[in-house]
Amino acid sequence: MASVNDVVIKIGTVNGTGSASANGLLMKSIFRMGIPVVGKNYFPSNIQGLPTWYEIRVTSDGYQARSNRVDLMVAMNAQTYARDLAELEPGGWLVYDSTWPRSKLLDRDDVTVLGIPLSKMCNENFDGARARILMKNIAYVGAVAALLDIDLTTITTLLEETFASKPHLIDSNMKAIRLGYDYATENFVCPLPMKVEPMDRTKGHIIVDGNTAAGLGCMYAGATVGAWYPITPSTSLMDAFRSFCSKYRVDEESGKRTYCIIQAEDELAAIGMVLGASWNGARSFTPTSGPGISLMSEFLGYAYYAELPAVVFNVQRTGPSTGMPTRTQQADILSCAYASHGDTKHVLLFPCDPAECFTMAQDAFDLPERLQTPVMVLSDLDIGMNDWMVPDFEYDDGRVPDRGKVLSADDVENMEKFYRYLDVDGDGIPYRTLPGQHPKGSFFTRGSGHTKYGGYTEDSDEYQDVVDRLLLKWETARSIVPEPEIQYSKFNKAGILSVGSSDGACKEALDWLNAQNIAMNYCCAKAFPFSDSVREFIEQHDVIYVVEQNRDAQLRTLLMLDCDADPKKLVSVLHYNGMSLNAEFVVKRVLEEHSKGQAA
Amino acid sequence: MTYIAKPKISHPGMPRNSLGLTVRDYEGAVSTLCAGCGHDSVTAAIIQAVFQLNIEPHMLAKMSGIGCSSKTPAYFVSQSHGFNSVHGRMPSVTTGANAANRKLTYIGVSGDGDSLSIGAGQFVHAIRRNLNMCYIIENNGVYGLTKGQFSASADIGTKPKKGLPNQQEPIDPVSTAIALGATYIARSFSGDKDQLIPLIQGALLHDGFALVDVISPCVTFNDHEGSTKSYAHTREFYHHVVEADYIPPAEEIKAQYDEGSAMSIELHDGSKIVLRKIESEYDPTSRAAAFKYLRERFNAGEITTGLLYFDDSRKEMHDLMGNIETPLSEYPLDKLQPGNAELKKILSRYR
């Protein structure tokens, strides 16, 4: 199995043993050599003791998705050794800690097993139980570096940067690297036939997770009020926002904070706080996950009807119910689109990677103020918590945030009378005023039936007038939400359509299909309501493979409801086991369905 | 129906406050509550309190949840923004509103159902944050809009119009607030405007969470013989402990108070609340003593009223966090992000 810059490394460890930093070091070293990487963390809903894995895909082609194979397994966890060994591709390599013997029964003839006495070496060279455990992780990084030919200078530089403030740790870490590295070079033929070589494909790129990107985006968008209740996998979004704010949100004159983060008592309160703040004119948001959306539903319906801006990041995890909190899915599409009782529907954004988490965070604050309605950003655990290689973020210094139709005190002063829900411009979006500006601008915000003037009503016509106008606003939303990404050629009769984190695997699948002379077009929708171009894309094809990560074909359902798409045309490709989507799965399922279609 | 406009009748000789406004300018739409409802008296007290405090109508924000009490913000100060939210969630909306703009005066009107059942969690946590607001509970022991079910504040043994007496322990918002560390806690009666108005004024000016629990009888479902929240029962067992007098800024304390029976509390705008202790041994600054006294009087069947607990040593929400004085909603957006050059520096961490 010889290859260059095309290898999947998987590391099996025990949760809570500090392997995350070692795995990060390994991935970043390869990235620094100019080779694209994909990192996926498979971790348990647990603090300490359960098995955890980290997967590094080295991909010279720069693909974004995980691969469905493992070439080099670092099996550090005796508990999962059998499973880890079984998962390895034929012709692959397995590294294990040979301090303790492994049963011969577990050996496979078609793979090479490399034993390295990592614990023994670390026990001899380091003092203290914690240091020995941590350094064992660093030592396997050294061994993998020797096996794959990862540049030691790059590793040294990274350690120097990481421990700039604690120089004594640089030496001990380098010592551990050398233990693994030297043992491998002395005992095995290094590098393996499958190895890495420097390239120039990571310039202008960073490695970042989606939650950090979204938190940074919120800071750049001018969010001032963040309310939240901790929930996996969204928690790190607020952590990131807090961290950026602590540095960049201190008022120069007073030294005081220009942001307010409130850890709410629950998600009901978190969204209530967001609405109170946005009613008062602040840019406010809440990050959450599926169970939080369920709790927020009543308020989301209120915000839809009372026409209040709100930004909700839903970092989706595996449902239903508590589900698998540390696994990924795209299974909240319908519950978000129609959250709450009565006729409600909400604008959704679908970022497909951390780069779009950063840009869409900014759209996510403009759109609700323009449309006076909640906007939900549907990220997921794969995007939010995994490390992605993405192009550098750019912030347009000339960007003028869209604050929507807000009347100033002067505007109100010069009006004869202000009415909250009148459609003055014919786009379904009324004007609003902020409290504290002018007594003539006052109005009563309510979730009960109201007239276009803002007053209470139980009159059928007056009620219907307002809810019909909300439909007009919905069409305005359709015309201003982000456009889909479309790859189109008129020669192709079939297309693939996806959203969010399914994008990477779909694009890779298109290449695989192309290699088999099956060309297809592609549409990655970025928002709901779907732009007209999504509807046109469906119309232009005989068959559309709708690829999504849930059991019930929620995206397909939404396309049927919102685009009036012909159900017969929309063929589902569904992946919902909680793991990130991979191209092999998409290709297999599309080919199965495609051959059925051709046979018919 | 709140869409029925209230005719404004103003006399040239009506007293004006320092803003030149008359009490008419602080009124709202016509109440749709039952004739004789205690809540309408509370509304009238709020109007007087705000008028006398010279609060600019647009600088007041009226917050509420769901229920008879929560409808009342439509009936006062129509020139203020109002937020009639969802059931039991007024505290969170007010928290967010205050987070965005700390310059406004927040008055939240809630009920015993809204605050002690569905919204108990939010009520508790607003206290925990010492959210700067005046929180009024119009407490009548029943659900009116759904026709007379007991609420969580119903006393043991109190009789409904139909059915069996209540057997469950009541939740008392005042002792709950003392246990939680609220910093201004008062109780009054909708029928005692003289006591209620200054208590609301003190609550509006207090820098932190101010609770005013008002026994406000429901004439339709809970004003009968055997009810402990009726007008008659409340009048009979009503027990003043501490009275509060509001003294506007720069005004001298003119009344004569007996030695040891009065204490003056300076509010942030220079006005004062003078506490007159009817019970000389009562200490409204001790949580333990206040709690003990309240439980004892409660067990004796009395309804203790007045400014029952006060603590001005604790910081309110923003000051606890070290937030800027300028309302966050007014802070210029371009000063809230460091620009693209700084972004590049931030990104260097991710290479």
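This is a predicted model: local features need pLDDT of at least 70, side-chain atom pairs count only at pLDDT 80 or more; totals for chains, interfaces and linings use all residues.
To pick out one pair, Ile496(A) has Tyr545(A) in E24(A) as its bridge partner.

Two helices sit against the sheet these strands belong to. Helix H16 (residues 503-515) of chain A packs on it and touches E21, strand E22 (521-525) and E24 of chain A. The direction of H16 makes about 160 degrees with that of E21(A). Helix H17 (residues 532-539) of chain A packs on the sheet too, with E20, E21, E22 and E24 of chain A as the strands it touches. Here the angle is about 150 degrees, taken between the directions of H17 and E22(A).

As for the sheet itself, it is open and has five strands, in the order E20-E22-E21-E24-E25 (chain A), with mixed pairing. At its edges lie strand E20 (485-487) and strand E25 (570-574) of chain A, each pairing on one side only. From one strand to the next, the twist averages 20 degrees.

Zooming out, chain A splits into domain 1 (3-201), domain 2 (208-391), domain 3 (406-480) and domain 4 (485-599). Between the C-alpha centres of domains 3 and 4 of chain A there are 40 Å.

Elsewhere in the chain, helix H4 (residues 129-148) of chain A is worth a look. With 20 residues at 1.5 Å a residue, H4 should span 28 Å, so the 29 Å between its end C-alpha atoms agrees. H4(A) is mostly covered, as 15 of its 20 residues are buried. Just after H4(A) comes Asp149(A), with a positive phi of about 70 degrees.

Note on methods:
Residues are numbered from 1 along each chain as its sequence is written. Chains are lettered from A and ligands numbered from 1 in the order in which they are written. Domain bounds come from an automatic or database domain assignment. Helices (H or I, at least four residues) and strands (E, at least two) are DSSP runs, numbered from the N terminus. The expected span of a helix is 1.5 Å times one less than its number of residues. A residue is buried if 20 or more other C-beta atoms lie within 10 Å of its own, exposed if 12 or fewer, and partly exposed in between; C-beta atoms are placed from the backbone. Two strands pair if DSSP finds at least two bridges between them. Axes are lines fitted to C-alpha atoms, for helices over the stretch in contact, and angles run from 0 to 180 degrees between N-to-C directions. Two residues are in contact if their C-beta atoms, placed from the backbone, lie within 7 Å.
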